[in-house]
Amino acid sequence: MASRLIGKLVVFAVIIAVAGVAWLALRDTAPPEISLDPAGGAVSSRPIRVMVRDAGSGVRKIVISAAGQGGPVTVFSKDYPAGAKDVKESFTLSQAGLKDGRFSLTVAALDHRAIGENRAEKSFTFTFDTEPPKITVKTIAHNINQGGAGLIVYAVSEDAPKSGVAVGERFFHGYRQASGDYYCLFVFPWDSTLSGYSPRVVADDAAGNSGEAGFGFLPKPKAFKRDTISLSDKFLNEKMPQFQRSFPDVKSPVDLFLKANRDLRRDNAKTLLELGMKTDTKPLWRGSFFRMDGTATMAGFADTRSYMYNGGKIDEQTHLGFDLASSEHAPVPAANDGKVVLAGFFGIYGECVVIDHGLGLQSLYGHLSRIDVKPGDSVKRGQTIGLSGATGMAGGDHLHFGMMLSGWPVNPLEWFDEHWIKDNVTGKMAGI
Ligand SMILES: [Zn+2]
């Protein structure tokens with residue numbers, strides 16, 4: 001009896017063991033999941049990413065083939081040891097011998113299931129495009145003052161998600177108009193040398209091919225003023241506490257001044273670059289920019305300012321706007337039609353408003369004592385947006401008026417001048 005019982009137990013144990021092995025070998029019933037980035041559209045020879053995931057037994061093999069006008073060519077093949085559950089790879093099409101036009105990529109993936117491996121296959125359709133966009137410049141005679149702006153009109157031979165004028169590290173976006181042409185406002189930076197200034201139009205298509213075109217321009221160099229500002233203890237004691245919230249650990253008013261004048265100024269400049277992207281693709285402004293009544297103070301655009309304290313120079317910065325002094329708490333008008341993109345405390349500019357006028361052109365109103373608008377408001381030329389004041393880095397009640405292109409400061413004086421605008425901007429738009 002005992003031996004029969006043992007015999008039964010052995011048979012039972014074998015059945016359990018076989019079932020266990022079979023379960024281990026077959027339990028992974030799900031094939032690998034495949035995804036590509038990009039998963040379609042126009043591509044060139046830039047790398048394409050492939051992601052394969054197999055949560056069960058893991059990825060064993062990936063094979064990718066490309067088929068265009070000719071038969072399929074393997075562009076990627078790799079084996080993986082057990083345990084590779086999340087595989088991310090990238091590959092290029094440079095060896096695929098593709099011609100420009102439609103083609104498909106087929107990704108096949110196997111997993112590690114011991115018996116009867118799971119296979120997944122997925123196909124993706126693309127357009128192979130190695131042709132850079134061709135740029136046709138439609139405007140001529142681009143005269144441009146140092147620190148000032150110019151407009152160029154160009155056409156691009158194919159859809160270009162990014163195009164504009166590159167000026168060294170600065171980039172000025174072009175905006176496509178209903179006609180299909182692009183308008184681009186660009187600058188001759190105040191801090192550029194004449195020989196180092198070489199703007200060019202660039203356009204990137206969806207596949208990442210980059211086209212480039214030069215254009216005729218006549219840059220006029222300009223010398224900017226130097227100015228000295230003496231900091232009194234009265235000014236520092238009265239004005240610096242407002243920056244304490246930005247630098248809670250800094251104690252002395254002089255150190256707070258240096259922090260605000262350097263770090264906060266730099267932060268503000270960075271924010272202006274981000275705001276420069278929040279722009280309308282069409283011009284919102286009409287005619288010249290309204291200049292608030294009042295006297296221009298000593299401070300002009302791109303003045304280099306030396307800051308003196310107790311007889312010594314403690315800092316140097318560039319004043320990138322235009323200062324106008326009127327009566328205290330004078331109404332401040334919007335310089336032109338546009339949309340408010342910033343309204344509130346803004347570092348060295350204190351209580352501040354920034355208005356977008358489209359095509360990357362924006363105006364800034366600093367040191368206000370009161371703000372009457374909020375972000376998103378549409379404003380009209382001459383409409384009161386607040387009252388002048390002395391908030392932020394300001395010694396007395398005045399308006400700091402700034403203008404930016406794609407966030408980079410430009411000389412506001414050009415935009416007060418109807419003739420300059422007609423000759424250099426709107427006339428060029430109309431002349432196409
Ligand atoms: Zn100013």
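Me: What makes the span of helix 5 (residues 418-430) short of that of a straight helix?

Reply: This is a predicted model, in which local features need pLDDT of at least 70 and side-chain atom pairs count only at pLDDT 80 or more, while totals for chains, interfaces and linings use all residues. Residues are numbered from 1 along each chain as its sequence is written. Helices (DSSP runs of H or I, at least four residues) and strands (runs of E, at least two) are numbered from the N terminus. The expected span of a helix is 1.5 Å times one less than its number of residues. Helix 5 has 13 residues, for which a straight helix would reach 18 Å, but its end C-alpha atoms are only 15 Å apart.

Me: Where does helix 5 bend, and how is the bend defined?

Reply: The bend is placed at Asn-424 and amounts to about 35 degrees. The angle is taken between axes fitted to the seven residues ending at a residue and the seven starting there.

Me: Which residues of helix 5 are buried, and what covers them?

Reply: A residue is buried if 20 or more other C-beta atoms, placed from the backbone, lie within 10 Å of its own, exposed if 12 or fewer, and partly exposed in between. Ile-421, Asn-424, Val-425 and Lys-428 are buried in helix 5. Their cover includes strand 10 (142-145), strand 11 (149-156) and helix 4 (413-416).

Me: How is the peptide bond from Asp-37 to Pro-38 classed, cis or trans?

Reply: The bond is cis, as omega is near 0 degrees. Pro-38 is in the loop between strand 1 and strand 2 (41-43).

Me: What is the largest nonpolar core, and why is it said to lie where it does?

Reply: A nonpolar core is a set of buried Ala, Val, Leu, Ile, Met, Phe, Trp, Tyr and Cys residues joined through C-beta atoms within 7 Å. The largest has 68 residues, and Phe-186, Val-353 and Leu-405 have the most contacts inside it. Strand 15 (residues 182-187) gives the largest share of this core, 6 residues. Domain 2 (135-220) and domain 3 (226-412) both give residues to this core, so it lies between them. A second, separate core has 23 residues, among them Val-43, Ile-48, Phe-124 and Phe-128.

Me: Which residues is Leu-405 in contact with?

Reply: Two residues are in contact if their C-beta atoms, placed from the backbone, lie within 7 Å. Leaving aside neighbours within four places in sequence, the partners of Leu-405 include Ala-149, Phe-172, Leu-185 and Gly-360.

Technical notes
Domains from an automatic or database assignment.
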